[in-house]
Amino acid sequence: MATQVTTMARPVIPQATTGVFLPAFTLWLREVVRFYRQTTRVVGVLASPLVFWLVIGSGFGTSFRSGGGPGQQHYLDYFYPGALIMIVLFTSIFTMMSVIEDRKEGFLLSVLVAPVPRSAIVLGKVLGGTTLSALQGMIFLIFAPFAGVHLDPVRVLLVALVVFLISFALTALGFAIAWPMDSSQAFHGIVNLFLIPLWLLSGALFPLSGASGWIRAIMYVNPLTYGVEALRALLYPGAETSFPLSSAMATLVLFSLVMFALAFLMANRRTQSSPR
Amino acid sequence: MVTRVAALADRGSETERASAPNISVHNLVHRYESRTALNGVSFEVRPAELFGLLGPNGSGKTTLFRILSTLMIPTSGKALVMGFDAAQDSASVRREIGVVFQAQSIDPKLTAYENLWHQGHLYGLRGALLKRRVGEILARVGLADRAKERVETFSGGMQRRIELAKGLLHRPGVLLLDEPTTGLDPGARRDLWQYLQILRDEEHVSVLVTTHLMEEAERCDRLAIMSEGNLVALGTPAELKSEIGGDVILLDAARDAGLLADRIRARFHVETTVLGNQVRIEQEGGHRFVPDVVEAFPGEIQAISVSKPALEDVFIHRTGHKFWSEGGEENSVAN
């Protein structure tokens with residue numbers, strides 16, 4: 001019996017792997033279960049968005065009474081989409097620190113020696129992180145009425161889609177950054193160097209229209225700008241935006257695909273030597 | 001899926017499996033940029049055999065382990081697991097191996113059952129079949145009653161047993177373990193080795209285990225001893241020890257050990273090895289030799305001991321140096 005199975009399996013290499021979806025599902029579920037078993041993480045996820053928005057929004061609101069760009073909006077209202085993006089950014093990126101943890105412990109090794117395609121590993125981990133950060137983003141929507149936002153069900157769904165796309169893209173980016181790293185300090189360094197400026201220049205704090213020269217150019221190529229724009233268009237239908245919703249959404253889809261491809265490429269690099 | 005179920009139901013008759021080795025390594029070479037970690041190693045592991053890979057750190061056993069577990073590709077040579085080439089056909093090899101790494105791979109936030117359930121999914125097991133198999137393997141490692149508890153509440157020894165269960169869940173033909181008793185107290189160590197023997201007998205799996213501990217190596221069916229990338233000895237522990245002629249005599253030299261060794265060799269016509277300030281002699285009837293040598297060189301010998309050969313003596317016999325180098329820098333490099 002055993003020999004029969006082995007001779008059958010020999011010529012067909014792709015069938016020797018488990019397939020993508022079952023392992024991806026199980027890695028996704030593990031990520032989510034791990035999260036809600038750590039109470040402090042759950043509390044952090046629920047409380048931090050509110051604190052951030054209130055503190056930064058209120059502080060800026062009284063400092064810059066009229067920013068010019070935000071028009072008639074109160075700054076707390078203007079800042080609301082940016083705060084949402086910030087929450088999603090941080091959760092997405094930092095959930096992927098688990099890649100480094102998994103590597104330090106033996107878990108990642110045990111997945112690497114299982115007959116699982118690399119794409120399943122990437123998909124499972126990235127969807128796990130996406131779920132957590134999208135969930136956190138959506139929880140923040142509970143405060144929307146206090147930011148002068150009144151949503152109908154269709155717009156809630158569209159917001160959910162935008163939040164999902166941004167979460168997915170940023171989690172995939174986090175995965176790609178974390179995969180080759182062996183220390184979480186290095187990971188923090190990269191985050192501080194690139195990702196915080198990315199958020200600052202996304203229209204979250206000040207509008208695209210008011211920015212000057214080169215700052216404006218950076219904002220145009222910054223994919224997060226399109227996330228902020230899409231959210232602003234959905235949350236405040238009357239507000240001034242620089243792009244139509246459809247093109248912002250298309251950019252986000254493209255951003256997600258490119259980031260996932262990047263994560264996939266990183267995970268498929270064959271590590272030749274390093275006995276880690 | 002159908003073939004998978006069939007494979008799980010029955011792994012074939014004893015005679016079929018006994019005919020071919022489960023692992024065979026042919027002239028395996030691995031070079032890192034500047035260092036040769038494996039220098040042409042060959043051996044075979046038979047079905048349902050507990051095979052030990054003994055060597056000090058840096059001897060190449062971890063590199064060999066990584067090649068067999070498909071994490072690294074050898075520079076040259078072949079490593080076959082259940083007939084599949086680890087470098088060419090890693091996907092098939094991965095189906096056939098269970099791997100227990102030195103680092104912990106179980107998730108402490110999950111229960112024992114959940115850890116194994118996730119592991120099963122990675123191998124394409126699911127549903128009732130998976131559930132039954134998890135129950136079975138937990139019973140095998142003596143943890144059926146703790147299935148619903150989180151692994152973080154377990155002792156080190158119990159966590160290692162969950163690692164074993166994880167490695168064996170998909171009924172591999174080969175179980176690879178990298179220094180599995182690291183960090184365990186002596187009692188838990190003994191326990192783990194008992195479980196390895198049970199698994200070999202009852203799951204009919206070939207077990208390849210790396211170790212740097214002599215007392216663990218003693219418990220293997222067969223043993224490969226490695227030193228500096230070479231396989232220096234291969235056989236059962238008893239065979240290996242029997243190749244040493246008689247007893248092992250160790251002399252602590254009062255002054256120059258090299259000089260003393262030369263004089264002993266000239267006087268008694270025996271083979272001598274110098275290890276630091278000690279002279280080592282392999283001699284039948286060691287107790288009769290002791291008074292002769294002490295009388296012949298008064299004041300030259302500080303201490304003398306006679307012992308039956310142990311595995312460490314096999315290592316010294318084959319390599320001409322001690323198992324643990326005196327400097328110790330070498331030891332900290334690998335792993």
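In helix α11 of chain B, the residues A257(B), L260(B), A261(B) and I264(B) are buried, that is, 20 or more other C-beta atoms, placed from the backbone, lie within 10 Å of their own. Because they cover an arc of only 100° around the axis, they lie on the same side of α11(B); the arc is that of the directions from the helix axis to the C-beta atoms. An α-helix has 3.6 residues a turn, so residues three or four places apart point the same way.

This is a predicted model, in which local features need pLDDT of at least 70, side-chain atom pairs count only at pLDDT 80 or more, and totals for chains, interfaces and linings use all residues. Residues are numbered from 1 along each chain as its sequence is written, while chains are lettered from A and ligands numbered from 1 in the order in which they are written.

The buried residues of α11(B) pack against β11 (247-253), β12 (272-275), β13 (278-283) and α12 (286-296) of chain B, where contact requires C-beta atoms, placed from the backbone, within 7 Å. Helices (H or I, at least four residues) and strands (E, at least two) are DSSP runs, numbered from the N terminus. After α11(B) comes H269(B), with a positive phi near 55°.

Elsewhere in chain B, four strands form an open antiparallel sheet in the order β2-β1-β4-β5; pairing requires at least two DSSP bridges between two strands. β2 (36-45) and β5 (84-85) of chain B are at the edges, each with a single partner strand, so one side of each has no neighbour in the sheet. Strand β1 (residues 23-31) of chain B pairs with β2(B) over seven bridges, and R31(B) has T36(B) as its bridge partner in β2(B).

Overall, chain B comprises 14 helices and 14 strands, and 43% of its 335 residues count as buried.

Definitions and conventions: A residue is buried if 20 or more other C-beta atoms lie within 10 Å of its own, exposed if 12 or fewer, and partly exposed in between; C-beta atoms are placed from the backbone. Two residues are in contact if their C-beta atoms, placed from the backbone, lie within 7 Å.
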